[in-house]
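Visitor: I would like to learn how to read the place where two chains meet. Please show me the structure and take it step by step.

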Amino acid sequence: MPGAFRLAPDSVPRRRLTARVRRFQGRLVVAVDDVAHELAESAELIFTSIDGTATIDEIAVRLARCYGIDDDVARADTAEFVTWLVDNHLIDIDLPETASVNGA
Amino acid sequence: MDAHVDYLGELTDRSLLPVNHCAVLLVGSCARGWSNSKSDYDIYVVSTEAWSSDTCDVLSLPLNPPTVLTESFYANGRRWEVTHWQDSQVDQMLAKVSWAEFERERTAGQVLSYKEEIFLDRLASCLALSGAEWLADRRATLAESAFRSFLVARSLDAADDSVEDALGQLDAGELESAVLAARKALGHTVDAVLEQHGEYGAHAPKWRPQRFRAAKPSALSFEEYWTLETMSTFDPADPAKWVNSVLTLCQDISMKVEI
């Protein structure tokens with residue numbers, strides 16, 4: 001079920017090592033199996049900020065500062081894209097103990 | 001390059017220098033200044049017409065004409081290997097790595113044979129004993145070609161294969177095989193970084209440290225690279241930790257290397 005989890009600000013996303021990445025003509029392309037996605041600039045910033053230690057909130061703050069947008073907007077955008085990455089098997093989430101799974 | 005060696009004189013004395021040659025190139029470790037007392041002198045002679053001798057060896061290549069000729073001998077305490085190419089063959093090799101070809105087929109191994117790839121590798125780093133103008137012209141064509149992108153893409157593809165292999169071996173509990181696969185992934189990834197900086201020669205991993213120092217890549221320091229290459233942080237009690245750290249680094253670097 002897509003997005004069947006609830007992100008917490010202190011959730012830590014980790015890139016899957018099975019995700020293949022290429023930088024071609026300045027754009028980052030990520031792929032799992034035979035499905036490839038070219039990332040927009042802001043999406044690339046989020047993806048490359050995922051290093052297995054940064055929390056969702058820390059990544060959102062980075063996004064907000066880079067683009068000069070409101071923190072809450074950045075949090076929403078980050079959560080939306082991170083959810084998309086999870087649904088497309090490009091990352092995993094280390095859920096904090098306080099996070100709950102949707103429907104649980 | 002050994003200043004005391006009369007390369008052109010030696011070739012002339014042995015009748016290995018065609019009158020119609022475009023260039024005579026010292027290639028390989030001697031040209032890079034990396035040679036030792038056991039190193040060969042490798043020389044390419046490029047001519048506008050075919051050259052032959054009664055004692056040469058013939059190498060087959062997917063070119064027209066489909067052969068190049070090599071002559072080997074010992075002089076000045078070293079083994080010499082002189083390979084005769086035709087100018088038209090160089091044209092053909094450069095045409096194989098055009099951007100149009102790159103759009104069609106991105107794997108270097110499928111557009112160039114091993115010997116052809118080494119020729120273009122060495123074209124970028126050789127020394128002209130004769131024909132400096134010819135070399136400058138051909139280097140400019142090589143620089144404008146997709147050769148670099150072909151090699152980077154191939155190394156990254158090979159790295160991906162090794163990463164996938166390592167992860168599969170980890171899942172299966174085959175930790176020793178996972179370590180070896182991770183080492184391969186690292187080698188291919190570092191080669192991609194070096195190729196991005198125009199340091200070719202992935203076919204000879206023994207020169208990787210020298211190529212690394214010459215490239216000075218910002219994506220990875222020499223100290224980081226050498227720590228991994230020599231496995232100095234490897235803990236036999238926890239091989240998976242080392243494997244995962246190497247595979248993570250490979251992915252990090254792949255994000256920085258422009259094809």
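Guide: Start with a term: a salt bridge is a side-chain nitrogen of Lys or Arg within 4 Å of a carboxyl oxygen of Asp or Glu. Keep in mind that this is a predicted model.

Visitor: How many salt bridges are there between chain B and chain A?

Guide: The count is 4. One pair to look up is A:Arg15 with B:Asp252, where the closest N and O atoms are 2.1 Å apart.

Visitor: Which elements of chain B touch chain A?

Guide: Those that give two or more residues are helix 4 (99-104), helix 7 (147-171) and helix 11 (239-256) of chain B. Helix 11 of chain B gives the most, with 8 residues. By class, this side of chain B has 8 nonpolar, 4 polar and 7 charged residues.

Visitor: What area is buried between the chains?

Guide: About 1400 Å², with carbon and sulfur atoms giving 54% of it. The contact takes 19 residues from chain B and 15 residues from chain A. On the chain B side, B:Gln251, B:Met255 and B:Glu258 supply 45% of the area buried against chain A, more than any other three residues.

Visitor: Within chain B, at what angle do the axes of helix 8 and helix 9 cross?

Guide: At roughly 35 degrees, and the axes come within 10 Å. The crossing is left-handed. Residues in this contact include B:Val190 and B:Leu194 of helix 8 of chain B, and B:Phe212 and B:Ala215 of helix 9 of chain B. By class, the contact has 4 nonpolar, 1 polar and 3 charged residues.

Methods. Residues numbered from 1 in each chain as written. Chains lettered and ligands numbered in written order. Predicted model: local features only at pLDDT ≥ 70, side-chain atom pairs only at ≥ 80, totals over all residues. Heavy atoms only, no water. Axes fitted to C-alpha atoms, helices over the stretch in contact; angles between N-to-C directions. Helix = DSSP H or I, 4+ residues; strand = E, 2+ residues; numbered from the N terminus. Left-handed = near helix turned anticlockwise from the far one by under 90°. Contact = heavy atoms within 4.5 Å. Nonpolar A, V, L, I, M, F, W, Y, C, P; charged D, E, K, R; others polar. Buried area = accessible area lost by both parts, 1.4 Å probe.
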